[in-house]
Amino acid sequence: MTVLVRSGVGLLCAVARAAIPSVWRGKYFSSGNEPAENNPVTPMLRHLIYKIKSTGPITVAEYMKEVLTNPAKLLGIWFISEWMATGKSTAFQLVELGPGRGTLVGDILRVFTQLGSVLKNCDISVHLVEKTPQGWREVFIDIDPQVSDKLRFVLAPSATPAEAFIQHDETRDHVEVCPDAGVIIEELSQRIALTGGAALVADYGHDGTKTDTFRGFCGHKLHDVLIAPGTADLTADVDFSYLRRMAQGKVASLGPIKQHTFLKNMGIDVRLKVLLDKSNEPSVRQQLLQGYDMLMNPKKMGERFNFFALLPHERLEGGRHQRNARQSKPFASLVAGFSELAWQ
């Protein structure tokens, strides 16, 4: 999908600096008037400057792809629950979509060691689109004409393919769209509908309510996304309403629900009590309590992460009669994590 957006870059290369008088600044994480000493010229920055000079401004999605080259046991239990509920198939695929080295899925497999896995890493990038008097315009990244080794945000002078993903009744002024995620959800939904299975999405996110979430982190602190590219992690929140829409009613969706609710439903309190009862070391008990607080505290990770699931309609009672693509309310049939389980 990024290639489609870049099809308009050839035109931008010739006219961008003359036809884009406005500089875009997001509300929270965009680049401003930082001192030069705070913007070191990294090898990645030199590469991006050369690229932009050669082909013109690039999309935020392309920028992210250039720059971006645990409750695991409970997640393992979730997959076991769905595996058992769908007939204990002797063969299945456990896929982790996301950057990294498969650490999370490795932890899950320690719980579910009797089955094999297929690991796949996939970087997901977003396109930023803003409402203007001329209509929706995508945000690009260009070289600052006043500072040759600095990047800035600009608005595209005309429509780009990314705008096709904006809903006609969209009320927000800034929208982050992720065509790649939509393609993945469509493929997952098709496979789940045809052959069964389940998908569990856990990430920072919202249900179509937020605007500017594109941000950078360096040393666990917020970092300007255009400063020293290659030295910080870039991320954006998942729009779960978009994922639900891209499922197109082929499968049932549950969530998103907050992490503290999901983990509580999965029995994290019972798990903590068991571990505390087994531990006699004060330092270990302290680590357990601190980890629990980090995962469950609403001011920490408890309300920052959300869980969202895709399941076959047949998995849920009455599912055949509730195929509205916008439906996200809990169904009658209990699904681990999305309804409180009875522990015996």
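1. Ground rules. Residues count from 1 along each chain as its sequence is written, and side-chain values use heavy atoms, with hydrogens and water left out. Since this is a prediction, local features need pLDDT of at least 70 and side-chain atom pairs count only at pLDDT 80 or more, while totals for chains, interfaces and linings use all residues.

2. Helices 10 and 11. Helix 10 (residues 268-278) packs against helix 11 (residues 282-296) at about 170°, their axes 10 Å apart. Axes here are lines fitted to C-alpha atoms, for helices over the stretch in contact, with angles from 0 to 180 degrees between N-to-C directions. The two helices are therefore roughly antiparallel (the label for angles over 145 degrees). Helices are DSSP runs of H or I with at least four residues, strands are E runs of at least two, and both are numbered from the N terminus.

3. What touches there. Helix 10 brings I268, D269, L272, L275, L276 and D277, and helix 11 answers with R285, L288, L289, Y292, L295 and M296 (contact is heavy atoms within 4.5 Å). Sorted by type, that gives nine nonpolar, no polar and three charged residues. Ala, Val, Leu, Ile, Met, Phe, Trp, Tyr, Cys and Pro count as nonpolar, Asp, Glu, Lys and Arg as charged, and the others, Gly among them, as polar.

4. Aromatic pairs. There are five of them, counting Phe, Tyr and Trp rings (the six-membered one for Trp) with centres within 6.5 Å; planes under 30 degrees apart are stacked, over 60 edge-to-face, the rest tilted. W78 and F79 sit edge-to-face, 5.1 Å between centres and 90° between planes. W78 is buried at 0% relative accessibility, and F79 is buried at 18%. Buried is under 20% relative accessible area, exposed over 50%, partly exposed in between, using a 1.4 Å probe and protein chains only.

5. A link across the chain. F240 and F308 have ring centres 5.5 Å apart and planes at 35°, so this pair is tilted. F240 belongs to helix 8 (residues 240-247) and F308 to strand 12 (residues 305-311), 68 residues apart. Both F240 and F308 are buried. Ring pairs also join F262, F307 and F338 into a cluster.

6. Most residues other than glycine have a negative phi, and most peptide bonds are trans. G255 and P256, though, are joined by a cis peptide bond, omega about 10°, with P256 in strand 11 (residues 252-258). H220 has a positive phi near 65° and is exposed at 84% relative accessible area. Q248 also has a positive phi, about 55°, but is partly exposed at 44%.

Key
Parallel < 35°, antiparallel > 145°, perpendicular 65-115°, else oblique.
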